[in-house]
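These are my notebook entries on one protein model. I record what I looked up and what I found.

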Amino acid sequence: MMANVRKPMVAGNWKMNGSLALLKSFTDSLESSSTIDTVLCLPAPYLTAASKGDFALGAQDCSQFESGAHTGDISVSMLKELGVEYIIIGHSERRQDHAESNIVVAEKVQTVINAGLIPILCVGEPLEVREANQQNEFVLEQLQAVQTICGNEFIDNCVIAYEPIWAIGTGKTASPEQAQEVHKFIRTELLKWNSNAANTQLLYGGSVNASNAEALFANEDIDGGLIGGASLKLEDFAAICKAAG
Ligand code: PEP
């Protein structure tokens, strides 16, 4: 087994928010620490304007296809040309708004890995699944769909974000214990497939803010966060990065 080299990561997901002016404040003022990976997953039109920032560039989605007649879609090679290193895949908002199935999500993961970029694969259960205490089974099924299409090797080049849907944008964060429990389950399952899962960065996402980040990130299997709303406020995002470092 490889040595454990997990570095904390904080990835901001601006979703369909922000402006060039907000981006300028981030590129001018956000200072990253070398002890963590700082990523900003921006709306695609802003990616070219972000190249001078002190953070790695992330996108929020890409096509599962390499090129072709797919109007409105964006290919991984186009994102790579802009300096993108990470791409969020399978965010619950894409699974819901664009009916992305587990299979499409798995195909996208493979496309990103083939291009040499890193997917931030999102998994997580809706409220009714949590209420039935079936979150582990639900998340495992999402991961198994990726394993079936990509093989165990996907774990070598993938960040995984556990994002319970009931916690996204609701202000209802999972408790550190609830989050750690699922993260530990995910790591244990991934380790059965690939021993390099010891090095996989597992992020928690769902209403992380400057006040709750430290308690979440203090857990053994929580290696940082995928941050939505709070990534739109420079001071809050910087404080969350500090909590991870
Ligand atoms: C997200 O967009 O992935 C997210 C976790 O959003 P929020 O932090 O706003 O809940």
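**Entry 1: the cysteines.** I began with Cys150, which is buried at a relative accessible area of 9%. By my cut-offs, buried means under 20% relative accessible area, exposed over 50%, and partly exposed in between, with a 1.4 Å probe and protein chains only. Cys158 also counts as buried, at 7% relative accessibility. How many disulfides does a search of the whole structure find? The search finds 0. I note that a disulfide is a covalent bond between the sulfur atoms of two cysteines; the search takes a pair of cysteine sulfur atoms within 2.5 Å as a disulfide. For Cys150, the nearest cysteine sulfur is that of Cys158, 8.1 Å away, and Cys150 is in no disulfide. Cys158 is likewise in no disulfide.

**Entry 2: the source.** This is a predicted model, in which local features need pLDDT of at least 70 and side-chain atom pairs count only at pLDDT 80 or more, while totals for chains, interfaces and linings use all residues. Residues are numbered from 1 along each chain as its sequence is written, and side-chain values use heavy atoms, with hydrogens and water left out.

**Entry 3: the whole chain.** I counted 9 helices and 8 strands in the protein chain; helices (H or I, at least four residues) and strands (E, at least two) are DSSP runs numbered from the N terminus. The C-alpha trace spans about 45 × 45 × 40 Å along its principal axes. I then compared the radius of gyration, taken over C-alpha atoms, with the globule rule of 2.2 Å times the number of residues to the power 0.38. For 245 residues a compact globule would have a value near 18 Å, and the chain, at 17 Å, agrees with this. Of the 245 residues, 53% are buried. I also looked up contacts, meaning heavy atoms within 4.5 Å. Of the contacts between residues at least 6 apart in sequence, 71% join residues at least 24 apart.

**Entry 4: Ile160.** Where is Ile160 placed? I found Ile160 in strand β6, residues 159-162. Ile160 is buried, with a relative accessible area of 1%. Leaving aside residues up to four places away in sequence, Ile160 touches several residues, including Leu121, Val123, Leu143 and Phe154. Leu190 and Leu203 are also among the residues it touches. Ala230 is 70 residues from Ile160 in sequence, and their C-alpha atoms are 19 Å apart.

**Entry 5: Leu57.** Leu57 lies in strand β3, residues 56-59, and counts as buried at 5% relative accessibility. Leu57 and Cys41 are 16 residues apart in sequence, yet 6.2 Å apart in space, C-alpha to C-alpha. Residues up to four places away in sequence again being left out, those that Leu57 touches include Val39, Leu40, Leu82 and Tyr86.

**Entry 6: two positive phi angles.** Ala99 is not a glycine, and I noted its positive phi of about 50°. Ala99 is found in the loop between α3 (92-97) and α4 (102-114). Is Ala99 buried or exposed? Ala99 is exposed, with a relative accessible area of 62%. Ser207, not a glycine either, has a positive phi of about 55°. The loop that holds Ser207 runs between β7 (202-205) and α8 (213-217). Ser207 counts as buried, at 18% relative accessibility.
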